[in-house]
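Please keep the sequence and the coordinates in view while reading.

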There are 2 protein chains.
Amino acid sequence: MLVNNIEQWGMFEVALEGPDSGNPFLDVTLSAQFKCKDTMLDLAGFYDGNGSYKIRCMPTRMGKWTYVTKSNRPELDGKTGEFICGEASASNHGPVYVCNTFHFAYADGTPYFPFGTTCYAWTHQGDKLEEQTLATLKETAFNKMRMCVFPKRYLFNSNEPPSYPFPEVVAKSRKPDLLSNNRNVEPPKCWDFNRFNPEYFQHLEKRILDLRTWGIEADLILFHPYDNGAWGFDHMPAEVNDCYLRYLVARLSAFRNLWWSFANEYDLMKGRTMEDWDHYFQLVQSLDPYNHLRSIHNCGSFYDHTKPWVTHCSIQHHAISRVPSWLKKYGKPVVIDECGYEGNVSMVWGDLSPEEMVLRFWLGFVQGGYVGHGETYVNQENVLWWSKGGQLHGESVPRIAFLRQIFEQAPVLTPVEKADMEFLNLMAPEPLASLFGAHKGSGDKVIAEGGWNNEAGGYNSDSGYYLFYFGMHQPASRNFNLQDDNYRIDLIDTWNMTIETVAEIATGQTCVEMPTRKFMAIRIQRNKPSDSPDLQ
Amino acid sequence: MLVNNIEQWGMFEVALEGPDSGNPFLDVTLSAQFKCKDTMLDLAGFYDGNGSYKIRCMPTRMGKWTYVTKSNRPELDGKTGEFICGEASASNHGPVYVCNTFHFAYADGTPYFPFGTTCYAWTHQGDKLEEQTLATLKETAFNKMRMCVFPKRYLFNSNEPPSYPFPEVVAKSRKPDLLSNNRNVEPPKCWDFNRFNPEYFQHLEKRILDLRTWGIEADLILFHPYDNGAWGFDHMPAEVNDCYLRYLVARLSAFRNLWWSFANEYDLMKGRTMEDWDHYFQLVQSLDPYNHLRSIHNCGSFYDHTKPWVTHCSIQHHAISRVPSWLKKYGKPVVIDECGYEGNVSMVWGDLSPEEMVLRFWLGFVQGGYVGHGETYVNQENVLWWSKGGQLHGESVPRIAFLRQIFEQAPVLTPVEKADMEFLNLMAPEPLASLFGAHKGSGDKVIAEGGWNNEAGGYNSDSGYYLFYFGMHQPASRNFNLQDDNYRIDLIDTWNMTIETVAEIATGQTCVEMPTRKFMAIRIQRNKPSDSPDLQ
């Protein structure tokens, strides 16, 4: 049987009938080798319940693919098949990978800039709310979603999920050594950690596909500490954790919009050593044939993002001015997935004014980092976006869409820094340049990682592209030395979302007049030769 | 002759006629010993021009004072006199000194909170503008003025002063080794550094007295680098610097509202070693019998404020969140005299929005530090407050007055910090407390010197006084554990300048409702027993 219409980075699924008795999750092994020309993928299968076994393949190249299965059960072993992988559809650019050290691109080379948001437990809210979340997302510019595999028990999130990742066991069949410590929930739920609940994962997959439809990457959080005794998924036995990771890789690797986030606030998960986290990374890295992005998110202390299995830094921190130092320290993309959320809850991490949220986005992006969104406005329905999804109420969302437009037209940016004196002589506006001048000595430095608060610059000298953001400053002008090239200069109001071209062709010493207003930016782009009046 | 009506910390001046020939500045020595009971002051006199010599005494105690002069010239030697020092008038509290390690008080014990502003060159602008500056000051809450002895040549300040501290010499009498390097000014001015121009200092004294009239401390800057080749006062010969300091101490020590600021941006003054600065400090300390406050202001690198002759830290830095670490490091009051200025000039240090200026004030004060003001709005007249004085145009000024009201009613505050766990258990609002909890490990810390951006707290546990500021955060509520005591709780809108009492008597777990608005603060004060309903 020749299946057509599998597009590159689409998904081909081998479905086989097999044994339903015993424990298919543990007793049955299943894998397949997929081949296309000189490309070979060894892919694990998984049990999907009701006697159904599956092996999923994301074809990474066009052409004819063949496969042969391998199993310890004869009815699943030696099955063969083939399919034709055709061109990806227009909206399909493949999985996202690191590109140019500090940035990202899809597999087809299209640059990808993460404009992430967070709805940790949105897939555990039932279809009505989940579909509202999707409808809301569709209207935003977000293209990455941080979300948990496991349900969440935390402030503003005390509801039980519609289903669970493991089947419940009745008390009499409890195996105490495998059970969670159910402290607060009555009646305590006890899980058979030797089996999975396929429906739970089918639902998760449905939602990952929904995100894919809207061009949104699923930044999937594999472990998190916010269980609070409800289910015990935060402290399962070590062998269950491994089994769970294997099962996830088998089920989910073939989704092109999947990122592995090993934990939210890993450092709050008691009883795990750094070796445990290293092990999870290494295990998934060894199993995932597509090498999806891998990260881990801190609360306080950072994981050592220089470790080779970490593809990018997923950071929780409010001090966006540190982006340049993190880029340097880790040599990888810096995604500040949590810098605080717009909202008004009674916690410091969730009460940012929209102005502060947008300011943090700009500071991060202009310096070549990426910043993520979340929203935590209290409401009568007790549905806070950051946890359950639903609707968005904040004022930062359209401004983040505006920012996305600007950065998607921009080349990748390097932060303006002291080390970069050659550039500074050329181009940095005088105040930024003076910040990094020789007279700023050692000792207690004026320059705290990124200069004066709320002002930052980034550039791409190959493209002749310069972007300066002024935050809570309100200069009436800024001076630039454009030297001999000629540039177009735009004044950007990041809050009111306007772009005004103040000069089509500027050269030499140039003073840009500004409106004595907060939240402004200046964009300077070298004109192409064809834009030059000499050549027209 | 018995002079009455010299009030405590007023000024008694001995005026003597003496030789006008030769060089009275160098050739004549003059001093006097003043006595009152067991208090003895050895005071240097000075030549005030036109054959007039003066010795000034600020009586530090009430009672009968006597004096006897000493000179190498018989007509000035052995002169005696006496006066009665009476009670200080209501507005006279004496000089300001350090009090309670991190704070200030007048000599009579009245607490002094510096609410400073900066008009570096205001006394060099001619009477009309100078009197406008004074009239403006009178309407503000500022009680300290940073000002330079020497004139200033810098952006927005290219005018010559009406007079100079040294007499000019004509070219033929130039003594090259004593002359400044006049690079840019035509015709170059050449100074006789062996003499002073008494009129220049008389004018300065007049303005210091004007400030005294309005209760404003003169934070007098003795050296600064902003000469730019105009006059060369920034690189006078070493012996002239010493002579100048001696002359200043003789003339100015008896002004009770005088502070010695050894430099503005000392680290930009080329050709001076750290030993030079140490020497200036030690010289003035040894000469000034009243021990006026002594500080030195940085551009980049801090002077080592732990040195014993430094009375308090005068800091230039934007990162107000570092106040707690500076308090700890230096063990002295922290006055951030420059954190940036409200305005719109094209430099990062002078383009703060009023909101950012007020935010920095609050962050500093709430943590037990002090923050200074300046204003740099460009205008047609080219009169910027920070340099020349004149009028104020900004929006931060009334908000700083509002802040002064609040802090003058407050006890001295200690910043909320990690170390202070006992306090945190008692009282910090949950988000602040959680910031400093045990789970915030080492490595890259979430807590960057003072916690999350723009949120800070201070307290005085003896008084049961707690003040929390939320900056760009906008919580809809914050929770406090007031335990068994009962407290009054006020909600402060630092921008709209309102104080709303949300609870007269609160106790135990208390949720304070807030308006989802930026720039709010919460003040919690323990009720006195007489306020308690039980005792009424």
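Helices (H or I, at least four residues) and strands (E, at least two) are taken here as DSSP runs and are numbered from the N terminus. Contact means heavy atoms within 4.5 Å. Axes are lines fitted to C-alpha atoms, for helices over the stretch in contact, and angles run from 0 to 180 degrees between N-to-C directions. The model is predicted, so that local features need pLDDT of at least 70 and side-chain atom pairs count only at pLDDT 80 or more, whereas totals for chains, interfaces and linings use all residues. Residues are numbered from 1 along each chain as its sequence is written, chains are lettered from A and ligands numbered from 1 in the order in which they are written, and side-chain values use heavy atoms, with hydrogens and water left out.

Chain B contains an open sheet of five strands in the order β11-β12-β13-β14-β15, with parallel pairing. Its edge strands are β11 (116-118) and β15 (294-295) of chain B, each of which pairs on one side only; two strands pair if DSSP finds at least two bridges between them. Strand β14 (residues 258-263) of chain B is joined to β15(B) by two bridges, and B:Ser261 has B:Ser295 as its bridge partner in β15(B).

Two helices lie across this part of chain B. Helix α5 (residues 274-287) of chain B lies across β13, β14 and β15 of chain B, at about 160 degrees to β14(B). The 14 residues of α5(B) reach 20 Å from the first C-alpha to the last, close to the 20 Å expected at 1.5 Å a residue; the expected span is 1.5 Å times one less than the number of residues. Among the buried residues of α5(B) are B:Trp277, B:Tyr280, B:Phe281 and B:Val284, where buried means under 20% relative accessible area, exposed over 50%, and partly exposed in between (1.4 Å probe, protein chains only). The cover over the buried residues of α5(B) includes β13, α4 (238-252), β14 and β15 of chain B.

In chain A, three strands form an open sheet in the order β16-β17-β19, and the pairing is parallel. Because β16 (313-316) and β19 (370-371) of chain A each have a single partner strand, one side of each is left without a neighbour in the sheet. Two bridges join β17 (residues 334-338) of chain A to β19(A), and A:Ile336 has A:Val371 as its bridge partner there. Helix α6 (residues 323-330) of chain A lies across β16 and β17 of chain A, at about 125 degrees to β17(A).

Attention now turns to single residues. B:Arg56 is placed in strand β5 (residues 52-57) of chain B and counts as buried at 7% relative accessibility. Its side chain forms polar contacts with those of B:Glu13, at 2.7 Å, and B:Glu205, at 2.9 Å. A polar contact is a pair of N or O atoms within 3.5 Å; within protein, one must be able to donate a hydrogen and the other to accept it, and residues adjacent in sequence count only if both atoms are side-chain atoms.

B:Asn50, in the loop between β4 (39-47) and β5 of chain B, has a positive phi near 55 degrees and counts as exposed at 73% relative accessibility.
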